[in-house]
Amino acid sequence: MKLRVLLPLLVFGLIAVIAVLIPVAQSIADSRTQQLALQRTAALDQVVQRARTALVQGDAEGLQTYLQRFHAVYGESVLVLDEAGDAVASAGDVSRDERVDELVTAASRALPQLVLPRVTPWGPDTSVVAVPVIAAGDLSTGVVVLAVDLRDAQMDVSRAWAVIVVIGVLLLSALMGASLVWTRWILRPVRALDAAVADVTAHRDPSPLRPSGPPELRRLSRAFGEMTAEVESSLEQQRGFVADASHQLRTPLAAIRLRVDGLPREGEAATDLAAVDDDLDRLEYTVGRMLTLANAEHRAAAQSRGRDPARDDGAARECTVTAAEITDRHRDRLEAAGLRLTTAPGPAVTVPCGRADLDEMVDVLLDNAAKYAGPAAEVRVGLAQDADGIRLVVEDSGTRLADDDLARMGTRFWRAGRDATQTGTGLGLAIVAQLMRAAGGRLVLDRSASGGLAARLLWERS
């Protein structure tokens with residue numbers, strides 16, 4: 001995000017600096033060109049006066065001596081032609097090419113050719129100018145041709161442009177520094193909000209937000225903090241309510257169970273009491289699972305705040321097992337249900353989870369496979385550790401899993417519609433997800449390569 005904010009500022013700043021410095025550079029070059037033209041115009045006036053006298057009096061030798069002194073002082077070649085276009089005197093080397101002939105022709109018509117090109121570091125080193133020698137009657141009696149040396153002027157322009165470039169770099173650096181400070185000030189609360197949202201999404205307590213930046217973002221930070229506190233309070237109340245309600249229900253359920261068990265079971269009453277027993281069993285099981293879920297949520301919430309209830313209670317925080325050790329006690333039950341259980345061979349792995357929690361999660365996953373995978377399905381369990389972390393995978397080859405069912409798995413109290421006759425509470429996968437959060441891992445549900453459900457318990461390395 002910082003780059004997306006800084007890039008337009010830097011681009012517009014670069015355009016603004018260039019838009020200011022280019023006209024300044026052109027102005028410097030034009031000014032130096034004009035200065036050079038004025039200097040050479042004054043020098044040519046003296047040469048023209050000497051050439052007029054020499055052409056009128058026929059003093060070619062005196063003119064030649066003057067031109068040699070001029071060449072020695074200015075280092076520029078000069079040529080004087082008479083009205084016929086023949087050289088009268090010269091100093092240095094002025095090549096008579098087509099361009100020079102055009103200038104001489106124009107100057108012989110009493111039209112001075114004093115235009116110099118704009119002096120630039122990459123321009124020509126010399127430029128030829130020509131002025132007429134006017135005698136009596138405003139008639140041209142000759143032409144003075146001067147090869148103006150532009151190298152000194154080019155050096156001056158180069159130095160001035162170098163200063164401009166340095167100024168431009170300093171301006172851009174100042175703009176970049178100011179933009180960086182401005183962007184950090186703007187984006188600091190945005191980054192804090194992004195980190196807080198990530199913490200909330202990962203079920204961790206977000207770091208306290210300190211309002212900073214523009215007033216709008218300060219209000220947003222305060223509103224987000226208040227919202228997070230309200231959400232966390234609501235979740236705590238919900239977890240507390242579930243736990244308290246479950247605890248409170250156990251007492252009347254136990255009392256009802258005692259009363260029902262004390263009733264005589266004769267005749268038609270026996271059937272009704274057996275149905276009541278089944279309902280009580282299911283209700284007691286549901287209350288027990290709700291208590292298990294509430295406890296798992298409490299531990300997961302404490303884990304997100306950096307606390308470890310397992311350590312506080314003195315419970316084991318890890319266990320070393322193999323895939324066979326955690327599944328052997330389920331083999332007979334799965335075979336009785338018509339399923340085949342296989343485990344991936346491998347060494348024992350130290351899992352960052354207590355053995356009781358691990359058995360609880362494996363019980364839920366294998367119980368789901370027994371209920372929903374279907375007859376003759378294969379259930380595979382693998383436990384492995386690599387550079388990415390530890391993964392426990394329970395997958396089956398069942399054919400009953402629909403895409404809609406996969407999307408809704410893990411929703412509390414939800415069970416697949418086609419298996420509504422199966423016993424259960426619909427809380428198993430929710431309990432597994434919360435136990436994984438409490439153990440610092442996560443539960444991933446997707447379709448296995450053989451078509452059934454693949455439940456992956458992942459402890460990834462940070």
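Select R99 and E102 in helix α3; they are three residues apart, which puts about one helical turn between them. This is a predicted model. Now look at the ends of the two side chains: R99 and E102 form a salt bridge, with 3.8 Å between the closest N and O atoms. The pair counts because the cut-off for such a contact is 4 Å. E102 is partly exposed, at 43% relative accessibility.

Next, go to helix α10, residues 355-372, and select K371 and D367. These two are four residues apart, again about one helical turn. Their side chains meet in a salt bridge, with an N to O distance of 3.1 Å. Which of the two is buried, and which is partly exposed? K371 has a relative accessibility of 15%, so K371 counts as buried, whereas D367, at 23%, counts as partly exposed.

Now select D30 and R118. The side chains of D30 and R118 form a salt bridge of 2.6 Å, N to O. Here the partners come from distant parts of the chain, 88 residues apart: D30 sits in helix α1 (residues 2-57), and R118 in the loop between α3 (98-107) and β3 (126-134). Colour both by accessibility: D30 is partly exposed at 33%, and R118 is partly exposed at 42%.

The model has 19 salt bridges in total.

The remaining stops are about rings. How many aromatic pairs are there? The count is three. For one of them, select F70 and Y74: the ring centres are 4.6 Å apart and the planes are at 40°, so this pair is tilted. Both residues belong to helix α2 (residues 60-74), four residues apart, or about one helical turn.

Last, select W182 and W185. Their rings have centres 5.5 Å apart and planes at 50°, so this pair is tilted as well. W182 and W185 lie three residues apart in helix α4 (residues 151-201), about one turn of the helix. W185 is partly exposed, with a relative accessible area of 32%.

Methods: Residues numbered from 1 in each chain as written. Predicted model: local features only at pLDDT ≥ 70, side-chain atom pairs only at ≥ 80, totals over all residues. Heavy atoms only, no water. Buried < 20%, exposed > 50% of the residue type's maximum accessible area, 1.4 Å probe, protein only. Phe/Tyr/Trp six-rings, centres within 6.5 Å; stacked < 30°, edge-to-face > 60°.
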